[in-house]
Amino acid sequence: MGDWEWPLILFTVLGQIAIGIILMLWWLDRGRDHLDTQLFKQSVLISGGLLILALLASLFHLGHPEAAYRALAHLGSSWLSREILLFLLTFLAWIYLFWQSKQQTGSRTLGLGITSVLGLLGVVSSAMIYVLLRVPAWNNAGPVLCFLLTTGLLGALCTLVLGRKLLQTTQKKLLLQFSLGCTIASLLLYIIYSSMLSASTEGAATLNFLLNSPLFWSRALLGWFAPLLLLISILKNPQVDKTNLILTVTLLAGLGEILGRALFYLSATGIQITALF
Amino acid sequence: MNKQLGFLHNSEKCVGCRGCEMACKNEYQIDATPEWRKVFQLHEDDYSLPTRMFFSMACNHCAHPECLRVCPVMAYTKRDDGIVIHDPNRCIGCRLCTMACPYDRPQINPAKKKVEKCNLCYQRIDNGEQPACVAACIPGALELVEINDTLDQKTGVLKTLPGLPSPKLTTPSIRFIGPKQGKQIRRD
Amino acid sequence: MVRLFYFPPYVLKIHNELLLALSQFFAKGGEKLPQTLSPLVKSYSAISEHYKVDKLLLTNEVLDQCSKADDDEFLVMRFEFNRLFVGPSSPLAPPYESVYVSPDHLVMGEQALAVRKIYKQENLQATGQGREPDDFISTELEFAAYLLSQIMDAQATKNDVKVQLYKTLYHEFWKQHLGLWLGTFAHTVTQSAKHPLFSALSDVLVTLTTLHAPLNTKEAYYETFSPQISRGSSSCCL
Amino acid sequence: MKLSRRKFLGGAAAAASSLTLFNFNLLTNSPAASAADQPSETMKTFRNVCPRNCYDTCGMITYVQDGILKKVEGDPKHGYTKGKLCLKGYAYPRRVYSPDRIKYPMKQSPRGSGNWTRISWDEAMDTIAKKILDLKKRYDSTLPICFDKYSGNFGIVHYGADGTMSSLGYTTRAVGTPCWPAGIDAQTYDFGTLYCNDPEDMVNAKYLILWGQNAAWTAIHSFPFINKAQERGAKLVVIDPILTSTASKADLYIQVNPSTDGALALGMARYIIDNNWVDWEYARANSLGFDEWVDYIKKDITLDWASEKTGVPKDIIMEIAREYATTKPASMWVGYGMQRHVNGGQNVRIIDALGVMTGNVGKSGGGVNYGHLETWGFNYNAMVNPAPKGSKGFIGPDGKEGDRAINMNNFADDVSAQSDPPVKMLWLACRNPGAQDPDTNAIEKMFASMEFVVTVDSFFNKTVEMSDIVLPVTTHFEDWDVMASYWHYWIGINQRAIDPLYESKSDVEIAIELSKKMNVLEPGSCTFPTSGTPEEWLAKEFNPGIHQMLGIKDYKELIDGPRKANMPSASWSDGKFRTPSKKIEIHSDLAEKNGLPALPIWVEEMKAPEKYPIRFMTPHPQHALHSQFQNLDWMMTTNPEPKVEIHPVLAAKYGINEGSMVKISNDLGSITVKAHLTRTTSPDVIVAYEAWYKNTVFNVNYTLKAIPSDMGKQATGNDGLAFHDNFVMIEKA
């Protein structure tokens, strides 16, 4: 079983929120109703802050953070190298985006688009790090889908919170529907994924660990069931003021994803030597 | 790569004396925690008779080393003779290799915050000497060999033993001769 | 040419005295605490009065009280000293650098050899070389005090080259040795100490490691640092 | 450093200026001023020999740089250990440089309080000398001083510890050996002494029985020879109640009922007689009482009985009897484990007779091999000192005045039993009774009743914990010494590779210090010489006999490599036995005189009492040698905790699972230890390996009664210990 990896949890979840927000901005901006400029500026700033926090958190995972720059050395085969590169490129794109947000005129789409695409590639590389032959629970599409869904869900919810005043109703509705979609997909994915796990001894160990862990059930409650119910209720009653509810869903889902990520690391069981020592 | 060096472990001869384990520690004065080489006892239930059976394992200098693949700083290199060397000067302690190795042989040294592992005593090999573990093996159970088809075609040479990860994962450069069991007159 | 910065002689003197007092404290052992505590209190008072930090004064008070203990209390301190630093049971805080800095936690590690080489550059060697680890706390502290005394000498004779040389040596010695382990050592002492003397001792060691950073690095900063050190140091070190 | 001091000052000026005004206490002027910028010294190598109580007594090469021990290796010139060490040997650097080492003489006040004061050697010697003189005055002799030394260091110069005592006068001495005395006596009755074949000769065996011998853990260097014999076609049979790592290599493993090895051997003998595979010629020509023994077997022994007694099926007894008797030469190695029973010596005698019966004694590739002391003919110069004039001793039963012997194997009780005069002071060297003696509770109580306890040791073990004064002793890397083996035929010199650390001293140096002090306080009170370098003391151990045996003219030749004694590879090949009759004494009058059966007949084993139905065997560990090694960091990481091996059937009966804590108890005491379920033991035997783990109270001897084995008195002064006749109850803790 793995460890409680705070730096990795923070790095991946915060990074994914940041990229999720930009992705949502891009998506909304391409729609018929353009994005409010104030919201755009504010959101770009916040996503950048989160990205920086995420990158800083990742340093704490290293034994020797002072030499972190070396991590770019193995693009040929190391997904970790690729991840770092893509996150740095995302950050550069974000600087461009930030510069763009300071400009009065000009299209934001290009900046948003580049940042989003690089960011998504970064998220995919992050996930690919964990696609290890040794860990059956990870050696599949699970990590990639799971990381992308986090990006989508938390990106959408955070954008909703940021734009609680400045988003148009249709935009809000889109984001809410998207969040609901992500939650349902995440739940379904997990069910399929769990059924796959039992195929190998190590996978079964992971599953067993999960089902017996109160953390997992908290995660299920916070990250799946509560958001599911709340999102449905919000979408069903469009007339009620939903700001507080949206805030609640975001917090719950955020906690759920953090727990989920913690469990992701905790529950990983590698194939190993099982002889007595 | 011209050849692939590796270990041939003879569980028929190995008595689990752990001399190799300590000879390795002595050679490099390794700190208390990291275990570059370790002697494992096979489960007695895996064989027809309960017997004390062992194999000794260090880095397997795999043909497809996962550590090397995942390492972001290129701390790992594979030499022409197949030895996978870890360079602590490059290591930044990201521990990804420790997650990727099915044999748990790269290990973090908590004091140095870097990973360490067996480098097959490449300096000794370059000097024409045996690796410290092989040189120390009293019953002659551990050998340095070239892993090739000739070896694999010999009768009794096994690619794995019970309790070990499938060699398909990383194609480890270790071969085994399985434990032999004599006749037992038991009281249970 | 930039004018070479000279440390205020008084500051050098009090630091020198503290280093020597600590060196003797460890060298003479738990049996000589009645003799070695007073110089320690004296030199530490000078430090704490100079820098005027509440916490330092408080530590000093504890030390002072301990130095006035009765015979029974001194016995308790002696046994505690041996439990922590000497033995015969496995000492809880062995006072040798390589036990903390070398990952194998043994004595006579690479640090012992490294300081041996540094001593040798000054034509010095530990009196117990070969028998006692060269990186014994007392030996390192005495060497640091010696370097300070060389700076004092050189300043007195306005020998700028020598001042510069010994400042560099002093700085390097702290950076590569004492500074690397005194903190961990102090922490280990606090963790295991059952007598206030040793918690206070740990504070003294921490003070020392903190104060020495400014003393040997940023000389320009030092002038301004000195009067305001109370705020600076209380937040960062104590 | 950017600025080189050479740019700044010339060497001489530096020396002058650096010492002005500064008052050095811990530093001093370095003699070699020019060495400052030189790189490290080149690596030096030294010859050492592992001095532990072990068959293998390995030759070692020690690598030293800048006066610091860097690593150890086996000595390739040592023909038996062949350049390889065991796991313990490789861990030596951790022993030398462990921060846990005892560094200075220390005094505890009061004893057991954990309150220690560092004292100078002078004060230590003064305190000890005054105590000795005080006792001498009060009791008019030095007999209240009791000395207990055994096998912590078997270096010849280490007998200086015994010499410390003899130089003071007559003292009380713990006599005996807990290790192997029953077997020694058995071989003494049979052959005159213990004298095994050269173990390298095992390669010539065509059939090999290891009887109660776990070489994989305790004599690992024998494996290449065993393997060679196997490769040459020899069958390896291991007879042991525990399926050890050695037994796992056997072609045939026989799990015999503990303590019934003699019954198995008798069963074999019966079948050999029945089939007339007896080497009558050899047996009748070389032994006394052989026919008498054959008659006994014919009359009293049946295969059915042997089978029932031993738990070994009849056909297996027949099989090994046939093979052993008809495959020539056949070798037997009798381990020390099998004689640690109340009938252990007798069982060895039966096995000896089996060897004689088949003509395997005195043959290359044969023998009933137990050990030997043939290569130990040193001067014991450090040990032998005349008692000071006017010393009063103990008048023994023979009317002679001398030391008062007490039983090492019942140390606690025997010390307490002395009354005229009582024992008041203990001196312990190379010995840790707190951890290793039976009945730890009794040991604790006895220690508590002493006035004064001095322990010489390197680590803070249970015995040091119960001492008034502890003196730090050197490791063998810090001493000059010479070591012989009780198994192989090699002798090696042990050089001083590094300076003694801290204030540690060797046993001889301690004796010198004590003698100086004693003679100041009371001239003539101690005869130990007060001069001589460690190397000079070593030189004094050699004599022409040893020189001749090793083919050298001077001990210094051993610095080039260990030498093997010039002896025939088969012991007793000259047929000159050392019994009173100069023949093998199958019928031993001496044994009979000592109250034992004259013949190697069956003596009943100890049965489990109803209350304690489980036999608790506590054999030697793998990571330790008794209480040495296990406390080192490498050992504590690779083998962090003790375990008790329990058969799954027995475990199920008590609801014990893998990893459960198990309380093992009997009327003496109890210990709690983690369970490991394994079918390598039998359902009525549990096994825990004795050892001293750092910072734990684990000690198997809390449950171990000081039950004597049947033999040992004749050759070693006292009967051995029936360590393996210990019975307990278990429960889940």
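Predicted model: local features only at pLDDT ≥ 70, side-chain atom pairs only at ≥ 80, totals over all residues.
The C-alpha trace of chain B extends over about 55 × 35 × 30 Å along its principal axes. For a chain of 188 residues, a compact globule would have a radius of gyration near 16 Å, and the value of 17 Å for chain B therefore agrees with that expectation.

Most residues other than glycine have a negative phi, and most peptide bonds are trans. B:Cys121, although not a glycine, has a positive phi of about 45°. This cysteine, B:Cys121, lies in the loop that runs between β7 (114–116) and α4 (122–126) of chain B.

In chain A, a pair of helices was examined. Helix α3 (residues 79–102) of chain A packs against helix α4 (residues 109–129) of chain A at an angle of about 160°, and the two axes are 8 Å apart. Angles over 145 degrees count as roughly antiparallel, and α3(A) and α4(A) are therefore roughly antiparallel to each other. The crossing of α3(A) past α4(A) is left-handed. Sorted by class, the residues in the contact of α3(A) with α4(A) are 15 nonpolar, eight polar and two charged.

Chain A has no contact with chain C, and the closest C-alpha atoms of chains A and C lie 14 Å apart. Chain A and chain D likewise do not touch, their nearest C-alpha atoms being 9 Å apart.

The contact between chains C and D takes 48 residues from chain C and 44 residues from chain D. On the side of chain C that touches chain D, at least two residues each are supplied by α1 (9–28), α4 (71–86), α6 (110–121), β1 (124–126), α7 (137–156) and α8 (160–192) of chain C. The largest share of this side, eight residues, comes from α7(C). By class, the residues on the side of chain C that touches chain D comprise 19 nonpolar, 19 polar and 10 charged.

Strand pairing also links these two chains. β1(C) and strand β1 (residues 27–29) of chain D run antiparallel and are joined by three bridges. Within this pairing, C:Leu124 stands opposite D:Asn29 in β1(D).

Inside chain D, strand β25 (residues 614–617) pairs with two other strands, in the antiparallel sense with strand β30 (residues 727–732) over two bridges and in the parallel sense with strand β29 (residues 685–688) over three bridges. D:Arg615 has a bridge partner in each of these strands, namely D:Phe727 in β30(D) and D:Val685 in β29(D).

Chain D also contains cis peptide bonds. One joins D:Ser109 and D:Pro110, with omega about -10°, and D:Pro110 is placed in the loop between β5 (106–108) and β6 (116–118) of chain D. Another joins D:Asp420 and D:Pro421, with omega about -5°. D:Pro421 belongs to the loop between α16 (411–417) and β18 (425–429) of chain D.

Definitions and conventions. Residues numbered from 1 in each chain as written. Chains lettered and ligands numbered in written order. Axes fitted to C-alpha atoms, helices over the stretch in contact; angles between N-to-C directions. Helix = DSSP H or I, 4+ residues; strand = E, 2+ residues; numbered from the N terminus. Parallel < 35°, antiparallel > 145°, perpendicular 65-115°, else oblique. Left-handed = near helix turned anticlockwise from the far one by under 90°. Nonpolar A, V, L, I, M, F, W, Y, C, P; charged D, E, K, R; others polar. Contact = placed C-beta atoms within 7 Å. Pairing = 2+ DSSP bridges. Rg over C-alpha atoms; globule rule 2.2 N^0.38 Å.
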